[in-house]
Amino acid sequence: MNEPQLKVAQTQKLTNHEWQARKDDAVARAQGNIAPVFVERASGSEIWDVEGKRYIDFGTGIAVCSAGHCHPKVTAAVAAQLEKFSHTCVMVTPYDNSVRLAEKLNELAPGPSKKKTIFVTTGAEAVENAVKIARAHSGRRGVIAFNGGFHGRTMLAMGLTGKITPYKNLFGPFPAELYHAPFPIEYHGITVEDSLKAIDNLFMVDIAPSDVAAIIVEPIQGEGGFYPAPVEFLQALRALCDEHGIVLIADEIQTGFARTGKMFCSEYAGIEPDLITVAKGMANGFPIAAVVGKAEMMDAPLPGGLGGTYAGSPLGCAAALAMIDVIDEEGLVDAANHIAGVFAARLQALRAKFPDTIGHLRTNHGAMMAMELVKNGDVEQPDADLTKALLGLAYAKGLALLACGTRGNVIRYLPALNISDELVNEGMDIIEACLDELV
Ligand SMILES: Cc1ncc(COP(=O)(O)O)c(C=O)c1O
């Protein structure tokens with residue numbers, strides 16, 4: 001009789017392509033992967049695959065490992081917690097690190113109002129719960145989100161997401177009472193005024209402002225293409241929400257925890273969102289997410305109405321507390337701004353070399369940077385094929401890279417905030433070599 005496959009997997013060294021073939025056979029195609037690179041280990045800003053090949057990491061697992069892979073302080077905190085216990089459920093018998101983390105998040109969230117926190121496990125759950133809180137607080141039903149926004153893959157978060165392919169195809173009907181307005185992107189000719197007029201139009205045509213529970217906005221659109229919300233737009237949304245008693249939710253899941261050169265990106269606009277959603281970079285690779293917001297709103301849902309089995313796992317709380325210490329002790333807010341400068345110099349030089357290909361650079365918000373690839377220097381000719389080819393070649397040359405954008409033509413840079421200048425330059429040399437080959 002043949003040995004079971006599992007034993008083979010544990011004992012036999014396979015190549016990336018062999019693992020990919022097994023994955024394609026075992027895992028549904030909807031959960032795809034960017035590159036056939038199966039990770040064996042990672043440290044700081046480097047990853048090694050099962051074949052021993054090394055990659056510089058410009059993606060950090062989509063803005064998660066902001067202090068680098070296996071940061072010793074975070075690893076030690078989680079290991080120490082593991083020695084004590086791994087799970088009791090925060091809604092059954094809680095533990096002190098969940099309280100300490102809630103207090104810390106309440107202190108860090110932008111604005112002077114008294115805050116409270118609830119824990120969940122993923123970003124999408126944080127978004128779902130923020131909407132539940134806004135509805136419970138306001139007694140209203142509608143939620144306004146933006147074209148190109150990304151809020152997750154669960155039903156409500158997917159409904160709020162402003163892009164069909166690949167997130168919404170085949171998954172309708174979508175939850176009711178969700179509305180979308182254009183997001184202001186100067187490069188695409190959409191002004192702040194256009195967006196605000198569109199919201200006014202929604203108020204006239206689709207839903208009265210008095211029926212709107214929340215407006216949810218990413219201070220910088222992530223999956224949508226790394227488009228920063230102009231400061232005056234966020235300020236106008238704040239004013240609009242104040243005028244109509246609407247809850248303003250800032251989705252800081254990708255932008256939070258020093259990534260953008262501020263602790264939270266909303267700080268650039270000087271606004272206090274009513275609720276913020278956080279996840280990703282908060283715990284440097286351990287699954288934990290939260291909603292942090294004004295205490296009176298956070299307390300609107302009834303006891304037991306929010307939570308989950310793994311909500312605020314003690315391992316996630318330990319990791320997040322350690323990560324927040326690392327952000328402080330290692331000056332990661334400043335580090336994000338420093339590294340942005342190193343990238344910006346290289347990206348500007350690259351744009352000067354490939355002016356018809358690199359249509360636009362976005363380098364003004366810390367370590368959340370992007371270049372938009374077009375044909376003939378024309379914003380209306382997005383080059384998704386080149387973007388895809390560049391990704392493939394970058395992995396082949398040893399650089400882990402991510403794309404984004406509703407039109408599939410944006411390369412995004414999300415390095416660890418403490419990546420060395422040497423590794424940035426080595427990675428950018430690879431990008432330049434790829435463009436030399438492809439353009
Ligand atoms: C802004 C934003 N919101 C929500 C999410 C969903 O988070 P998760 O994938 O943890 O559910 C993401 C993930 O990319 C995100 O970038």
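This is a predicted model: local features need pLDDT of at least 70, side-chain atom pairs count only at pLDDT 80 or more; totals for chains, interfaces and linings use all residues.
Colleague: OK, what does K115 form a salt bridge with?

Modeller: K115 pairs with E272, and the closest N and O atoms of the two are 2.8 Å apart.

Colleague: Which side chain does D274 meet in a salt bridge?

Modeller: The side chain of D274 meets that of K294, at 2.7 Å from N to O. Since D274 is in the loop between β10 and β11 and K294 is in strand β12 (residues 289–294), the pair ties together parts that are 20 residues apart in sequence. D274 and K294 are buried.

Colleague: What about E372, what is its partner?

Modeller: E372 forms a salt bridge with R407, with 2.9 Å between the closest N and O atoms. The pair links distant parts of the chain, 35 residues apart, with E372 in strand β14 (residues 369–375) and R407 in the loop between β17 (402–404) and β18 (410–413).

Colleague: Why does E372 count as buried?

Modeller: E372 counts as buried because its relative accessibility is 0%, whereas R407 is partly exposed, with a relative accessible area of 25%. Elsewhere, salt bridges that share partners join R346, K353, D429, E432 and D436 into one network.

Colleague: Changing topic, which residues are around the ligand?

Modeller: Around the ligand are T122, G123, A124, F150, H151, G152, E218, E223, D251, I253, Q254 and K280. This shell divides into three nonpolar, five polar and four charged residues.

Colleague: Where do polar atoms of A124 and K280 come in?

Modeller: A polar backbone atom of A124 is 2.8 Å from an oxygen atom of the ligand, and a polar side-chain atom of K280 lies 3.1 Å from an oxygen atom of the ligand. On its own the ligand has 390 Å² of accessible area, and the protein covers 83% of that.

Colleague: Last one, which residues make the nonpolar surface patch?

Modeller: L170, F171 and F174 make that patch, which has an area of about 350 Å². L170 is found in the loop between α7 (155–160) and β6 (178–181), and L170 is exposed, with a relative accessible area of 82%.

Key. Residues are numbered from 1 along each chain as its sequence is written. Side-chain values use heavy atoms; hydrogens and water are left out. Patches are made of residues with over 30% relative accessible area and no salt bridge: like charges are joined within 9 Å, nonpolar side chains (Val, Leu, Ile, Met, Phe, Trp, Tyr) within 5 Å. Accessible areas come from the Shrake-Rupley method with a 1.4 Å probe; for residues, only the protein chains shown count as cover. A salt bridge is a side-chain nitrogen of Lys or Arg within 4 Å of a carboxyl oxygen of Asp or Glu. Helices (H or I, at least four residues) and strands (E, at least two) are DSSP runs, numbered from the N terminus. Buried means under 20% relative accessible area, exposed over 50%, partly exposed in between (1.4 Å probe, protein chains only). A residue is near a molecule or strand if one of its heavy atoms lies within 4 Å of it. A polar contact is a pair of N or O atoms within 3.5 Å; within protein, one must be able to donate a hydrogen and the other to accept it, and residues adjacent in sequence count only if both atoms are side-chain atoms. Ala, Val, Leu, Ile, Met, Phe, Trp, Tyr, Cys and Pro count as nonpolar, Asp, Glu, Lys and Arg as charged, and the others, Gly among them, as polar.
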